Amino acid sequence: QNEEKWDFVLVSDIHEMGSEREIKRKKFLDELSKKGFTIKKIEDTKLFYGVRAPQHIFWKYQHLQRNANSRQQNSSSHEDIPETSRIRIVNFILRNTVTSDLEKLHDLMKKKVFEAAFPLHKKEEIREILKDKWARWGVIFKKQPIKEIRHYFGEKVALYFAWLGWYTYLLVFAALAGLVTVVAGATVFSSSQVSKEICDANTTIMCPLCDQNCSFWVLSDTCTYAKVTHMIDNEATVAFAMFMAVWATVFLELWKRERATVVTKWNLHRWDEDEEELALQLINNLQHEPQWYQHSYIRSTIILILALLLIMVLIGIAHMLVIYRAVAMALFTQSEVNLLSKNANTMAVMTGAVLHYITIITMTKVNRHVALFLCDLEKPRTLSQQEDSFAVKIFIFQFFTNFSSLIYIAFFLGRINGHPGQYVRIAGRWRLEECHPSGCITDLFIQMAIIMLLKQTISNIMEYLIPLISHQLRKKRERPKERSMMLGEEEEAEDPCKRQWLNNYELNEVNIFSLFNEYLEMMIQYSFTTIFVAAFPLAPLLALFNNVIEIHMDAIKMMRLHRRMVPRKAKDIGIWLQVLEAIGTLAVIGNGLVIAITSDFIPVQVYKYMYSPCTRENGTSMDCSTGYINNSLSVFRIQDFEPHTKVLPEFKGHQIKECRYRDYRNADDYTYTVQFWHIFAARLAFLILFEHVALCVKLIAAWYIPDVPQRVKNTILCDKHKNLRNELSMMEYVTEV
């Protein structure tokens, strides 16, 4: 039984005798034999080499670990090394074994000498537990078996699932708050004075939305849109945005506590990555020299310039989307199809959002290549440093890819397009799109909703279906030959390893970035859930649904569709914690800006307290926002239109002398009114106030919740105390003897 334990399997094509590849393969396997590895060969449609490491390698490792942890134990006791450590050590040695041609496994795989190298999913009790308690849809709302995940996939994967579970659990509170906000908007604020005024304004004639043959229109046409806007844009949203800023901080602080507890339970709090790496290098080759830390300012400058160039390109793409929407709007408005011309604005926004989704998909691929290239330029020292540097770069690129168009809609749309008679134009022809008369926040809402729904549904379906289909295809490809062979010669007993190795080979390969991709996807989702959440209070709810499915989908993928991951040790989620903290700070800024700039919250408040009828009369029976809509629209005289604008001057049989548009400008010379500057000052004041209050609350929350629970600190203290006491008593015992 013990004989058939294989740590790793190498797969290669059957090369001709004496060919270059065959010689290289032999050299590599000879190097392994020199190190005392046992190698078993099985031939099928491919060549399979089972590799088993000699016991002394693991004893060395245990000895070094024990010294590192300075645990006083009897050195001769060789307890069994955990399977995960075994695979990790063998993987390290395989990857770092150098042939006489100075080639490593990585180079040999590039040259197609070997096709794959992977540890095996074995028939173990722990695997059955995971399949039963974790990797199936029936256990969707049960607690995840983190301990078992750790014993099978190693600490790094276990910490990812612990983090994801924790995040999902805390999303419940954010989702509830978001739901309450929307419900409050739909019930309490649906009868708001502002939307009532828009719905009653059937005599307010608005300026045309395009230059050629567009008619005037009546404000009350946009009644339903106004009601939707006030469902999102009301006082409850401000409270919700504050809540989310605090939630993001509390989530991170509680996760730090959870992590400390878990890591202490696993006895990893003293573990040091550099030491681990050095230990493995020395076990592999005693002559190994450490790789020094280095930093070059020239290299950093080049990387910075290249990264900024890519960010410029990403912002340029956002501009292209803006231009697309302006042109689409003009074309849709003039279209013969009634449906299109009636809903030109909505159609332009929706097709724009779909286009944005497509650019996200394509740019993700580009970003990945650029980030890898920049990472190679940087020459990181260790694998984990390489991952950290790659993570930061790709996150920044992905952030701009996903958010630059949203940033435009939130903060620039409708603020840079001029006014009737003097519009800002693209190439002197197309007018920039405007906000809807009831506010810009609904455009942001639509864009966020479309991107989040598309991203989560399509990406998740693809993420699951692609491995599933490719696994089925590989099965079909590998099986048929074997059947025909078995018919002819049945007397030869089949090697029990063969079936197992073949089954593992048919699974999809995992690469070093498998877990990385999951993290990245979650970070982008977390950004959507926090940064512009004021405009889309349902984001946490969508994220919650997505994560409940995501956890089990990842589990099923890892257990049933992918080869076994090489387990890795880790005591935290690495650089991602800093990324989460950065997103938390951005969320405060983003939501502050959305409420101050995008939403109509500030203009309404300024009107209420400075310009409304309430300020003149002391009668309290009146709603203070009465007359707000009339006050927020400026007057434009028809004769001042640009000469090339063809407007139909008649509207429902009346000659029209003037029309209204959304802005605060004087009727005679179209300069800004005093009220515009009042509102501008109020927006700035609110922004500064909101950010400072939210950041203070974040700091207080961070101070209030300790990062490490007292129980954990006491455990560590007790450990140190016991070790020192043992050391001293041993020493006294020796001196007495």
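The link of Cys199 and Cys223 is right-handed, with 85° about the S-S bond. It's a disulfide (a pair of cysteine sulfur atoms within 2.5 Å), with an S to S distance of 2.0 Å. Cys199 sits in helix 8 (residues 193-200) and Cys223 in helix 9 (residues 223-232), so the pair ties together parts 24 residues apart in sequence; helices here are DSSP runs of H or I, at least four residues, numbered from the N terminus. A search of the whole structure turns up 3 disulfides.

A word on the ground rules: this is a predicted model, with local features needing pLDDT of at least 70 and side-chain atom pairs counting only at pLDDT 80 or more, while totals for chains, interfaces and linings use all residues. Residues are numbered from 1 along each chain as its sequence is written, and side-chain values use heavy atoms, with hydrogens and water left out.

On to the domains, whose bounds come from an automatic or database domain assignment. The protein chain gets domain 1 (8-69 + 80-120), domain 2 (154-289 + 299-474 + 511-603) and domain 3 (712-736). The C-alpha centres of domain 2 and domain 3 lie 51 Å apart. Their contact (heavy atoms within 4.5 Å) takes 5 residues from domain 2 and 6 residues from domain 3.

Between them, domain 2 and domain 3 bury about 390 Å², 62% of it on carbon and sulfur atoms; buried area is the accessible area (1.4 Å probe) that two parts lose on being put together, summed over both. In domain 2, Thr264, His269 and Arg270 lose the most area to domain 3, together 83% of what that side buries.

Definitions and conventions: Helices (H or I, at least four residues) and strands (E, at least two) are DSSP runs, numbered from the N terminus.
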